[in-house]
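Work through the following exercises with the sequence and the model side by side. Try each task before you read its solution.

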Amino acid sequence: MATARRAALATMRSLITPEGVDLQVKLADAGTRAAAFLLDVVFIATAAIAVTMVALFGVTGFGTDRLQPLFIVWIIAIFFLRNVYFIAFEAGRRASTPGKRIIGIRVASRNGAGLSVDQVIARNLMREIEVFLPLSIIAGRSGMGVADTLTTVFGLVWALLFALFPLFNRDRLRIGDLLAGTWVVEAPKRTLMEDLSARKDPVAKTFQFSHAQLDAYGIAELHKLEEVLRRDDYFALRAVAETIGRKIGSTPQAHDARPFLTAYYGDLRAHLERKLLLGKRKEDKHQR
Amino acid sequence: MTAPVPGDARRGDAVRQSLASFRREREADWKAFEALLARVEKRAPRTLSEEELLSLPLLYRSALSSLSVARATSLDSALIAYLESLSLRGYFYLYGARRGLRQRIADFFLHDWPDAIRDLWRETLVSVALMFVGIGAGAWLVASDKGWFDAIIPSGLAAGRGPDASAEMLRSMLYDGDNGFLSGFAAYLFTHNVQVAILAFALGFAFAVPTVLLMLFNGCMLGALFQVYWAKGLGMELGGWLAIHGTTELFAIALAGAAGMRIGTRIAFPGELTRMTAAAHAGRTAATAMVGVSVMLLFAGLLEGIGRQTITSDVTRYAIGTGMLALWIGYFYLFQVVRNGNR
């Protein structure tokens with residue numbers, strides 16, 4: 001568990017607002033970003049296919065004398081999709097493309113200031129050598145029928161070098177991020193959930209815990225308990241209730257697992273919060 | 001196990017009560033802030049009433065202070081996570097320092113673009129010089145051995161032009177526009193040139209080496225073509241054919257190369273800054289220059305696709321080409337002086 005916490009801490013970066021509050025942003029990991037990028041690629045490809053279809057229908061519908069305006073529109077549309085899609089969305093208010101938005105991440109400036117348009121442009125133009133250049137080398141070669149193994153391997157190595165670049169630095173930066181002074185952080189939308197200790201449960205009222213029983217656990221365990229209670233899975237609740245019951249010397253009935261845990265959570269939190277108020281933060285059960 | 005202590009439980013209850021009332025009293029503010037944020041993120045801030053607009057920073061500070069209180073006193077991790085995400089959203093929105101779109105476009109053309117180009121003057125000189133070296137080398141190579149022409153210019157691009165082509169054929173290439181496809185051709189040229197420029201910029205990352213090569217090679221192709229026409233006594237005519245759009249296009253590509261070189265050299269020699277900060281600084285200047293470059297290439301594409309095919313007089317071609325070049329240079333390097341004088 002210590003390693004898990006250290007791994008979580010490794011991607012946390014402090015972001016101190018002018019008001020002096022540290023907002024603690026979490027960097028998006030490589031897998032999340034790859035997923036967002038793939039989503040965007042799917043959107044772009046779909047749009048490109050749609051534009052091409054419309055253009056083709058236009059040609060057959062209007063006849064070939066209207067070929068030229070359609071050709072212009074098609075070329076400009078494809079150009080926009082390739083170059084402007086990322087820039088336009090990331091320069092917007094939410095600083096994220098549709099793919100990023102779905103995944104819940106956004107682009108932010110590394111120095112904490114507002115993200116400017118030139119930063120967005122810089123990070124996205126570099127995508128040209130990260131993704132499109134190796135792809136077009138391979139595509140171009142195979143189009144000419146001279147795609148030998150060597151060029152393919154070279155293209156792949158190049159692509160991998162850049163694609164895996166975020167894995168080799170602490171801040172998970174792409175080359176484009178590095179140049180633009182940006183990084184990608186998690187910005188999930190959360191809803192306010194109910195306060196578990198305010199839960200009214202008639203059965204829970206029957207449970208009373210002593211000082212010693214509440215001293216058995218610390219904040220880390222409290223948060224785990226909160227997770228279990230929010231997930232509300234019957235078997236997990238029962239297993240956790242049994243473990244806690246054994247530890248504090250109290251054995252609730254099997255069907256009482258949920259009210260028992262609710263009661264214990266409420267009392268434990270009040271107990272630890274009171275300690276917190278008095279200046280003692282009990283991180284986990286090992287701390288005395 | 002000791003028996004439950006009634007006094008202890010009551011003291012715990014008091015803490016619980018005060019935290020519950022903290023949440024009860026602040027919750028309305030959080031919800032209001034969340035709703036406002038959701039609206040301004042979707043639509044322009046114009047859609048908010050004045051009152052709502054003024055309440056945004058207040059609600060943001062209230063959320064931040066709630067977060068501080070919650071972190072210090074509450075152990076409800078869901079509540080803290082909610083407040084953190086709410087404050088972060090608010091922070092990004094309020095400190096995003098956004099200018100209006102019209103203001104941003106005006107700033108770009110009045111300040112940012114010429115400033116960025118002026119900032120790159122040293123790299124621009126190098127880039128232009130490299131192109132001339134390339135032209136010289138290309139011409140000299142083809143003059144010494146015709147075989148070089150095929151090596152330098154891909155056969156698809158040469159389209160029959162070459163050392164062995166007749167003077168009439170070469171001449172017809174200069175003056176006969178294939179009129180059917182003009183503006184489509186212009187659009188194609190524009191997108192193609194922008195991709196080349198982006199490449200010249202992006203490759204600068206590798207310590208500027210590929211960009212230097214690209215500039216040299218671009219010059220080489222030009223030099224080779226020039227030599228072929230020069231040998232047939234069509235040098236002046238080719239100059240006109242190239243000048244009408246080439247002054248804009250080649251200047252734009254030189255600027256893209258300069259932007260790439262700036263990034264490469266800053267990464268190699270960051271000076272007093274850390275390598276990362278130096279790269280970030282260079283990246284921002286270069287990116288602004290690159291947007292300008294694509295605007296220039298749009299002009300070049302129009303001139304090449306439409307102007308070159310319809311205007312066949314050498315004098316006019318030269319005049320337009322020189323005029324465009326003077327316009328760009330005046331805009332980039334002299335504009336600042338005029339504006340300062342007016343102040």
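**Exercise 1: Confidence**

Chain B averages a pLDDT of 80, and 84% of its residues score at least 70, where pLDDT is the predictor's confidence in each residue, from 0 to 100. This is a predicted model, in which local features need pLDDT of at least 70 and side-chain atom pairs count only at pLDDT 80 or more, while totals for chains, interfaces and linings use all residues. Residues are numbered from 1 along each chain as its sequence is written, and chains are lettered from A and ligands numbered from 1 in the order in which they are written.

Task: find what the pLDDT is over residues 1-5 of chain B.

Solution. Over residues 1-5 of chain B the pLDDT is below 50, although this stretch has 14 contacts in the model beyond near neighbours in sequence; two residues are in contact if their C-beta atoms, placed from the backbone, lie within 7 Å. Where pLDDT is low, the predicted coordinates should not be read in detail. For the model as a whole, the scores are ipTM 0.83 and pTM 0.75.

**Exercise 2: Where the chains meet**

Task: state how many residues of chain B are in contact with chain A, and which helices supply them.

Solution. Begin with the count, which is 63 residues of chain B in contact with 63 residues of chain A. Next, look for the elements: α1 (6-42), α2 (50-73), α3 (77-94), α9 (182-203) and α12 (275-310) of chain B each supply at least two residues of the side that touches chain A. Helices (H or I, at least four residues) and strands (E, at least two) are DSSP runs, numbered from the N terminus. Finally, sort the residues of this side of chain B by type, which gives 36 nonpolar, 14 polar and 13 charged; Ala, Val, Leu, Ile, Met, Phe, Trp, Tyr, Cys and Pro count as nonpolar, Asp, Glu, Lys and Arg as charged, and the others, Gly among them, as polar.

**Exercise 3: Covered elements of chain A**

Task: decide whether helix α5 (residues 117-125) of chain A is largely enclosed or open.

Solution. Chain A has twelve helices and four strands, and 31% of its 288 residues count as buried. A residue is buried if 20 or more other C-beta atoms lie within 10 Å of its own, exposed if 12 or fewer, and partly exposed in between, with C-beta atoms placed from the backbone. In α5(A), eight of the nine residues are buried, so the helix is largely enclosed by the rest of the structure; among the buried ones are Asp118(A) and Arg123(A). Now turn to strand β4 (residues 182-186) of chain A, where four of the five residues are buried. Strand β3 (residues 105-109) of chain A pairs with β4(A) in the antiparallel sense over five bridges, a pair being two strands between which DSSP finds at least two bridges, and Ala108(A) stands opposite Trp183(A).
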